Amino acid sequence: MRDKHLCGWSRQGVQVWGFVALVLMSASPAAGQPTLVDLLRVLNLSAYAPGLGLPHLTGQTVTGETVSVTELRGRVVLVHFWATWCGECRPEMSLFERLHQDFAAQGLTVLGINIRDETPRIQRYAKDLGLTYPLVLDPEGVIAKAYGVIGLPTTFLVGRDGRPVALAVGPRAWGSAEARTLVQALLAEVVAQAR
Amino acid sequence: MANLSTRKADYPKFQELNVQILGISTNHPFSQKTFAESLQLPYPLLSDFPDLQVTRQYGGLSGHPTLAKHGIAERAFFLIDIQGIVRQQWVIQGGEDVVFSSEPLLKAAREVAGK
């Protein structure tokens with residue numbers, strides 16, 4: 001039933017669903033500039049409703065540093081969940097590295113949350129692909145559970161104000177011009193707010 | 001998860017009976033959105049987090065003290081008619097692997113709908 005592009009990471013008990021109610025019903029931006037909504041649509045990203053908070057995320061990176069998403073407020077954050085065995089994840093890793101290289105200085109933080117791989121394996125993988133952005137360990141899937149992740153890759157975009165902006169379940173065109181425009185639009189938000 | 005997918009597979013049958021399926025859980029809305037996107041469910045998921053009011057009112061909180069303490073609900077189904085009256089309920093025994101068939105739900109819905 002899952003998206004055909006998703007790697008089959010899931011675990012019974014990750015989400016505990018309560019109950020289902022069955023109800024019988026009685027009846028049936030400026031011209032030329034793509035808006036955030038336009039960009040999300042083009043990239044097939046799902047937008048969040050206003051006011052929804054982001055689950056707390058703290059973890060250790062593969063290099064032993066502690067990362068907390070709440071301490072990243074003021075930066076645009078791209079959080080993607082991945083695993084070394086996930087075939088759909090691999091092409092995206094280099095695209096995320098490119099975004100990291102091009103936009104980190106402007107305020108983008110890319111976080112790769114690895115689910116259940118052993119550290120040496122992650123290190124080899126990162127070396128092979130030349131990854132330099134933080135790779136966070138989630139050996140028990142705790143972070144994935146908090147974010148509701150049941151398939152890989154799954155990616156979240158967070159604005160500078162800490163609000164969740166968009167969600168992608170499955171691979172997306174993160175190397176496209178539209179993706180770069182989206183990141184730039186989010187990076188520009190704080191500039192507008194600071195003035 | 002398998003139960004949600006089972007209802008997804010049988011969704012047209014529920015639609016034929018004019019039954020709206022609502023999935024309710026005690027999970028955080030953020031994780032619920034990820035979950036709904038992942039499963040591409042044709043029906044909405046509602047969050048009862050953090051107060052668990054609906055879950056409590058329906059007696060849906062887990063009977064296991066430890067699970068209840070963590071806000072974990074029983075897996076259960078409630079059939080509500082157009083007057084808002086609960087016509088039937090099913091509480092699923094067993095673990096996550098137990099998949100409850102849609103047939104008893106559809107049968108009850110047919111009876112309520114007079115079809």
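This is a predicted model: local features need pLDDT of at least 70, side-chain atom pairs count only at pLDDT 80 or more; totals for chains, interfaces and linings use all residues.
Local features require pLDDT of at least 70 and side-chain atom pairs pLDDT 80 or more, whereas totals for chains, interfaces and linings use all residues. Side-chain values rest on heavy atoms, with hydrogens and water left out, and residues are numbered from 1 along each chain as its sequence is written.

Chain A contains 5 helices and 9 strands, taken as DSSP runs (H or I, at least four residues, for helices; E, at least two, for strands) and numbered from the N terminus. Along the sequence the pattern is β-α-β-β-β-β-α-β-α-β-α-β-β-α. Of the 195 residues in chain A, 51% are buried (under 20% relative accessible area, 1.4 Å probe, protein chains only). The accessible surface of chain A amounts to about 8,900 Å², with 52% belonging to carbon and sulfur atoms, as computed by the Shrake-Rupley method with a 1.4 Å probe.

Rings of Phe, Tyr and Trp (its six-membered ring) were paired if their centres lie within 6.5 Å, and planes under 30 degrees apart count as stacked. The count over all chains is 11 aromatic pairs. Tyr48(A) and Phe30(B) form a stacked pair, because their ring centres are 5.0 Å apart and their planes at 5°. This pair joins two chains, since Tyr48(A) lies in the loop between β2 (46-47) and β3 (58-60) of chain A and Phe30(B) in helix α3 (residues 29-39) of chain B. Both Tyr48(A) and Phe30(B) are buried.

Methods
Chains are lettered from A and ligands numbered from 1 in the order in which they are written. Rings of Phe, Tyr and Trp (its six-membered ring) pair if their centres lie within 6.5 Å; planes under 30 degrees apart count as stacked, over 60 as edge-to-face and the rest as tilted. Buried means under 20% relative accessible area, exposed over 50%, partly exposed in between (1.4 Å probe, protein chains only).
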